[in-house]
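Thanks, everyone, for making the time this morning.

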Amino acid sequence: MGCFIKFSSPAILFMFLSLLLIPTSAHVQVNEGGYISAVISKKGLDFFKNYLINKATSSIIPLELPDIEKSKKIPLIGKVHMALSNIIIYSVEIDSSYVETGDPDLLLAVSGATADCGMNWEYSYGSWLLPTISDSGAATVLVEGLEVGLTVSLKEQGGIVKVILVDCGSHVRDISIKVDGGASWLYQALFEAFEGKIKSAVESAVTKKISELITKLDSIFQSLPKQIPVSDIASMNTSFVRSPVLSDSSVEVEINGLFTAISGTSMLNYYHKGFESSASCSSPAKMIGIQLNENVFSSGALVYFNANRLHWIIDDIPEKSVLNTSGWRHIIPQLYTQYPNDGMNLYISVTSPPKIHVSEHDIGGTIDLDMTINVLDSSEVIPVACISLVINTSCFPEIKGDNLAGVIRLNDFKASLTWSRIGNLNMHIFQSMMSTILKTGFLPYINAHLRRGFPLPLPSGFTLENAEIFCTNSWVVVCSDLAALSLTSLQM
């Protein structure tokens with residue numbers, strides 16, 4: 001066969017590929033580039049392999065083999081009919097294993113595995129001169145030098161990944177049989193009669209299991225959910241945009257990654273990635289690297305803008321005087337004159353989709369706002385003026401748990417009067433008050449949501465560990481190790 005993988009490879013492959021491949025989503029245009037990519041390093045591949053070996057070995061055992069029958073001529077005895085039944089592999093020990101990647105296939109292999117089997121035996125013989133003689137008992141079999149291997153190809157088709165079994169096979173180097181009870185000649189007879197059949201039964205059972213699980217795995221990927229909801233109005237399009245790229249030491253997957261409205265409107269036509277990221281995790285010790293293009297964030301802002309969710313009423317901020325006309329008497333005297341000591345609120349609405357760009361230092365944003373000043377006169381809300389603002393912000397992303405989060409800071413802003421019912425306003429004098437409102441009223445509300453962040457596309461059942469994050473031109477890059485949440489986090 002050429003190369004082999006260990007005995008528990010069917011279950012291992014099932015879980016291994018499930019971890020490598022991220023669920024897909026709708027509105028696929030495979031000619032478009034992806035906006036999120038993930039690279040699993042050699043260290044990451046080995047981590048998954050070792051974890052999955054432990055998990056898969058426990059889940060595949062016990063493995064039942066078919067019954068075996070054979071007739072054999074025994075000297076001085078004659079023709080003996082022998083049968084083995086209830087053949088069960090109940091434990092496996094792995095000596096070595098490895099995973100290899102290379103264009104275009106993925107190889108999983110194990111060598112030097114041993115397996116312990118239990119079985120029942122029986123025989124009978126006789127002739128027309130002698131009565132039938134029979135006996136039965138139990139035996140154990142030690143399977144040594146068990147090697148199993150398979151090669152799969154991962155192909156993107158219509159936004160999902162098709163798992164194609166290219167080759168699989170297994171080989172048993174040697175077996176030894178220990179018979180409990182029976183005549184003295186029985187051991188040699190069993191060994192001679194069934195050595196090849198037992199080897200063949202083990203090899204066939206493993207190969208068949210591999211084929212069945214690959215077929216099941218492929219069907220599961222065909223039916224995966226095609227979007228990941230992140231809120232009541234937005235989901236992330238996680239469609240594969242190309243087949244996984246397998247190099248000598250890593251696997252790279254690339255998904256669309258843009259946010260879309262729950263209604264299903266695609267954002268692909270709005271964005272152009274421009275150029276591929278040249279950034280990568282500088283430390284080879286990290287298991288996984290995730291790269292997010294700036295358009296991922298822009299698409300999320302666009303979804304919320306189109307859903308009319310980017311507007312707020314500010315009626316409670318630490319600087320209480322801002323929400324009473326008395327606090328404005330020196331800035332807008334005519335406001336206090338017309339509405340002395342009346343309460344106020346501020347209605348802030350985003351007037352166009354925020355512009356987001358990632359530089360080498362941080363994530364920058366430009367937000368166009370209208371702020372309407374309302375006076376609360378008795379039970380009436382009276383709009384008295386509207387100020388247009390263009391604010392420039394910066395944010396350095398951070399990792400909180402498995403979420404990408406951050407805090408926005410105000411860099412600068414420009415204000416202009418849109419309309420007024422209280423006369424002309426001096427924008428220069430107005431700047432200080434606007435700065436207070438933005439810093440203590442507007443940005444804290446936004447940051448309350450951004451601090452929670454949104455989940456990164458990680459393999460199910462795993463969490464980030466010792467994560468690092470940095471920005472480069474147009475991209476945010478996360479480099480991290482992974483840890484299993486629990487040995488029961490994945491079920492087969």
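When I speak of contact here, I mean heavy atoms within 4.5 Å. Please also keep in mind that what you are looking at is a predicted model.

With that in hand, let me start at Phe430, which is found in helix α6, residues 427-450. Leaving aside its neighbours within four places in sequence, Phe430 is in contact with Trp328, Ile331, Ile332, Met371, Ile373 and Ile387. For one of these, Ile331, the C-alpha atom is separated from that of Phe430 by 6.5 Å, although the two residues are 99 residues apart along the chain. Is Phe430 buried or exposed? Phe430 has a relative accessible area of 1%, and because buried means under 20%, Phe430 counts as buried.

Let me turn now to an open sheet of three strands, whose order is β9-β10-β13 and whose pairing is antiparallel. The edge strands, each pairing on one side only, are β9, at 228-229, and β13, at 259-261. Between β10, residues 234-236, and β13 there are three bridges in the antiparallel sense, and Ser235 stands opposite Thr260 in β13. Across β10 and β13 lies helix α4, residues 294-306, which runs at about 15° to β13.

Finally, there is a hairpin formed by β24 and β25, with two residues between them, where Ser474 in the turn has a positive phi of about 75°. Strand β24, residues 462-472, pairs with strand β25, residues 475-484, in the antiparallel sense over nine bridges, and the bridge partner of Thr463 is Ala483 in β25.

Note on methods
Residues are numbered from 1 along each chain as its sequence is written. This is a predicted model: local features need pLDDT of at least 70, side-chain atom pairs count only at pLDDT 80 or more; totals for chains, interfaces and linings use all residues. Side-chain values use heavy atoms; hydrogens and water are left out. Two strands pair if DSSP finds at least two bridges between them. Helices (H or I, at least four residues) and strands (E, at least two) are DSSP runs, numbered from the N terminus. Axes are lines fitted to C-alpha atoms, for helices over the stretch in contact, and angles run from 0 to 180 degrees between N-to-C directions. Buried means under 20% relative accessible area, exposed over 50%, partly exposed in between (1.4 Å probe, protein chains only).
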